[in-house]
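Colleague: I would like to learn how to read salt bridges and helix packing in a model. Please take me through them.

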Amino acid sequence: MSTTRALLALVFLLTSSVTAWAKPQAGRFLHYAQVSAAGLPAQRLSIWLPPGYDKGKRRYPVLYMHDGHNLFDLAKSNFGKIWAADQAMLAAMRSGKVEPHIIVGIAAPEQDRFRQYLPKSAYDAASAAQRVTMDLMAGGPIISDAYLAWLAGPLKAWVDTAFRTRTGPRDTAIAGSSMGGLMSCWAFTARPDVYGRAACISTHWPLASPGAELAADPAKVALNRSWFSDLLGSPAGRRLWMDHGTATLDAVYPSYQAAIDADVAARGWQRGRDWQSQAFPGAAHEENAWAARLPDVFGWLLQKD
């Protein structure tokens with residue numbers, strides 16, 4: 001272990017508290033509270049280690065997921081609903097097409113969620129009128145640039161030191177829904193040196209309040225093109241999943257997603273090989289809907305090369 005990584009690990013442990021529990025044959029959980037991160041509110045982590053981790057020397061790919069408080073434990077969730085991400089990973093593993101992954105869930109900081117997840121590139125490229133709505137929803141300065149720097153820097157360095165991981169982009173994935181979908185897409189485009197796979201689920205392409213119209217706002221489509229499509233680049237072995245439902249807030253997304261899909265295809269990404277964009281008729285904007293399709297998301301996104 002390098003001196004820098006050793007110091008990172010020490011600082012991380014000194015600024016957090018950890019609890020752990022295991023489920024027989026179902027992996028082991030570690031929970032870290034009050035994790036310090038430069039320029040951010042205190043962060044919380046829930047980490048799932050797959051079955052067999054504690055008995056061998058194997059190294060594992062890693063999946064980072066936003067809204068970590070809603071991934072595993074009903075008692076910690078916002079709405080009494082969870083993604084059941086560990087169960088989805090176990091299902092994907094049983095298919096034989098997906099290797100076991102370590103899952104690192106990063107909890108959203110409650111009232112700071114919007115300003116932590118709104119891509120800074122989108123905010124910087126927005127018009128003055130667009131920023132008015134963003135600023136009202138943010139309630140403070142946008143801090144997603146600090147969040148991404150922490151995710152791709154100190155957090156990843158600590159995870160790669162504390163656990164037996166495979167560290168390259170093809171073995172490092174990021175996923176989230178709604179604003180977390182935006183953040184995942186931004187991390188994927190801004191840091192291709194770190195993240196080689198991303199799942200942007202029910203992505204909130206309207207960026208702020210979508211209004212009542214189901215048709216995409218041309219100004220927001222142009223803004224998404226400036227921060228996402230123009231930064232996407234060629235596939236280069238990367239893999240991208242995008243999707244949406246058609247009910248509740250997700251009813252706003254199809255026209256926005258269609259514009260994104262056209263841009264991705266125009267940049268040489270081959271649908272089914274490099275990227276997927278799926279619609280789930282009747283699916284609402286909530287955790288049970290995301291949990292229902294998460295095994296399919298993992299099954300495609302994380303499949304062995």
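Modeller: Start with helix α6 (residues 144–162), where K156 and D160 lie four residues apart, about one turn of the helix. Helices are DSSP runs of H or I with at least four residues, numbered from the N terminus. The model is predicted: local features need pLDDT of at least 70 and side-chain atom pairs 80 or more, while totals for chains, interfaces and linings use all residues. Residues are numbered from 1 along each chain as its sequence is written, and side-chain values use heavy atoms, without hydrogens and water.

Colleague: How far apart are the closest N and O atoms of K156 and D160?

Modeller: Side chains of opposite charge can pair when their charged atoms come close. A salt bridge needs a side-chain nitrogen of Lys or Arg within 4 Å of a carboxyl oxygen of Asp or Glu. K156 and D160 form one, with those atoms 2.6 Å apart.

Colleague: Are K156 and D160 buried or exposed?

Modeller: Both are buried (under 20% relative accessible area; exposed is over 50%, partly exposed in between; 1.4 Å probe, protein chains only). D274 is also in a salt bridge, with R273 at 2.8 Å, N to O; D274 is buried at 6%, whereas R273 is partly exposed at 46%.

Colleague: At what angle do α2 and α10 cross?

Modeller: Two packed helices are described by the angle between their axes and the distance between the axes. The axes of α2 (residues 85–94) and α10 (residues 287–301) come within 8 Å and cross at roughly 50°. Axes here are lines fitted to C-alpha atoms over the stretch in contact, with angles from 0 to 180 degrees between N-to-C directions.

Notes
Helices (H or I, at least four residues) and strands (E, at least two) are DSSP runs, numbered from the N terminus.
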